[in-house]
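Reader: I would like a close look at the strands in this model, above all how they pair, and at the backbone in the turns and loops that link them. Please keep to what can be read from the coordinates.

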Amino acid sequence: MPGYYVVVAGQEVVIRASGDGHVTGSVAIPGPAGTARSSVSGQPFGTADDGHVIIVVSRGGDLPGVAEVTLFRLAVSPDGRPGRLGQLNFDSNGVPVSGAALSPDGRMLALSLVHEFPPGTQYGSVEVINMASGATRTWTGRGAPWYWPGVPSWASDSTVVVPWWHSTSQSTIPAEITGVRELDLAAPGGSLTAARFVAFPAPAPGLQSAVIAHGGDIITSSCRAGHHTATARVAELSATDGRLVRVLRTQTARFPNDADAQDAILATCQVQSVAGDGDHVLVQALAFGRIDNGVFTLLPGMSPGVLPVSATW
């Protein structure tokens with residue numbers, strides 16, 4: 001298990017020890033507060049072996065359709081002490097970034113983006129940025145409306161894998177995963193739909209989030225509301241055929257009314273980060289904590305009144 005995890009809520013980055021969640025350091029995110037939910041939405045997605053984390057800050061409105069996306073890179077020491085928070089040279093042209101991951105050697109950054117053009121139609125793209133030179137390679141899925149790449153993961157220093165999502169409605173939550181796309185960095189960028197595709201025999205439906213474990217399967221979250229209740233499930237799916245491997249956690253909570261239950265699902269049904277082959281998972285599925293080989297441990301993560309929260313190992 002990694003020694004620390006990083007949490008972003010509002011305009012603060014907090015590093016906490018993985019064992020009990022005590023704070024080992026914090027740093028403020030510069031810039032004005034966002035107009036969406038009266039706060040800045042910060043999303044760290046993955047640490048590299050060299051102890052860095054990428055933070056994606058979206059300002060200007062609810063996703064999709066943000067006005068500004070800013071990327072920061074934060075160095076973190078082995079004992080969880082924050083270093084300098086440096087802004088990266090990046091312009092998304094107002095396109096929301098839905099996922100990011102540093103390569104294992106920390107030299108490359110993969111970003112998933114969700115476009116909306118023409119209005120009412122969504123598609124995705126993946127950008128891979130050389131952190132030293134700034135050179136960028138882009139794969140676009142413009143020819144596949146209502147299909148988009150999920151949070152990227154690195155299968156190796158030269159291969160990026162993404163869940164391939166699909167929705168038949170005007171919403172991306174919940175949706176279904178139809179397979180896994182593999183992007184070879186040795187090949188030029190271009191069409192996402194031309195990239196190697198491991199298709200599932202049948203889509204995995206009704207999911208809110210998914211992260212592909214390094215060298216492993218897909219860790220997913222799915223939530224549903226009932227009569228004054230919300231139920232969250234975190235499960236592991238096969239990356240080769242999308243079938244259920246095991247259920248890691250099921251949690252049910254009661255609420256005063258159905259609207260509160262639905263709000264809880266929208267705000268707190270996320271697989272946040274996966275370490276190794278999926279043996280350690282950070283989740284916010286009605287409660288924030290970690291799952292170690294199927295055992296859940298509640299951890300501090302949320303700031304009072306700030307939802308949703310984002311976290312990474």
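Author: The model is predicted. The open sheet has 4 strands in the order β3-β2-β1-β26, with antiparallel pairing. Its edges are β3 (23-28) and β26 (310-312), each of which pairs on one side only. On average, neighbouring strands of this sheet are turned by 20 degrees against each other, direction ignored. Within the sheet, strand β1 (residues 4-9) and strand β2 (residues 12-17) run antiparallel and are joined by 6 bridges. Tyr4 stands opposite Ala17 of β2.

The hairpin is made of β8 and β9. Strand β8 (residues 97-102) has 5 of its 6 residues buried, so the strand is largely enclosed by the rest of the structure. Strand β9 (residues 108-116) runs antiparallel to β8, and 5 bridges join the two. Gly99 has Ser112 in β9 as its bridge partner. Between the strands of this hairpin there are 5 residues, and Gly106 takes a positive phi near 75 degrees.

Positive phi also occurs in residues other than glycine. Trp146 has a phi near 70 degrees and lies in the loop between β11 (136-140) and β12 (147-149). The relative accessible area of Trp146 is 12%, under the 20% cut-off, so Trp146 counts as buried. His228 has a phi near 60 degrees, again positive in a residue other than glycine. The loop that holds His228 runs between β19 (218-225) and β20 (229-237). With a relative accessible area of 23%, His228 is partly exposed.

Technical notes
Residues numbered from 1 in each chain as written. Predicted model: local features only at pLDDT ≥ 70, side-chain atom pairs only at ≥ 80, totals over all residues. Heavy atoms only, no water. Pairing = 2+ DSSP bridges. Axes fitted to C-alpha atoms, helices over the stretch in contact; angles between N-to-C directions. Buried < 20%, exposed > 50% of the residue type's maximum accessible area, 1.4 Å probe, protein only.
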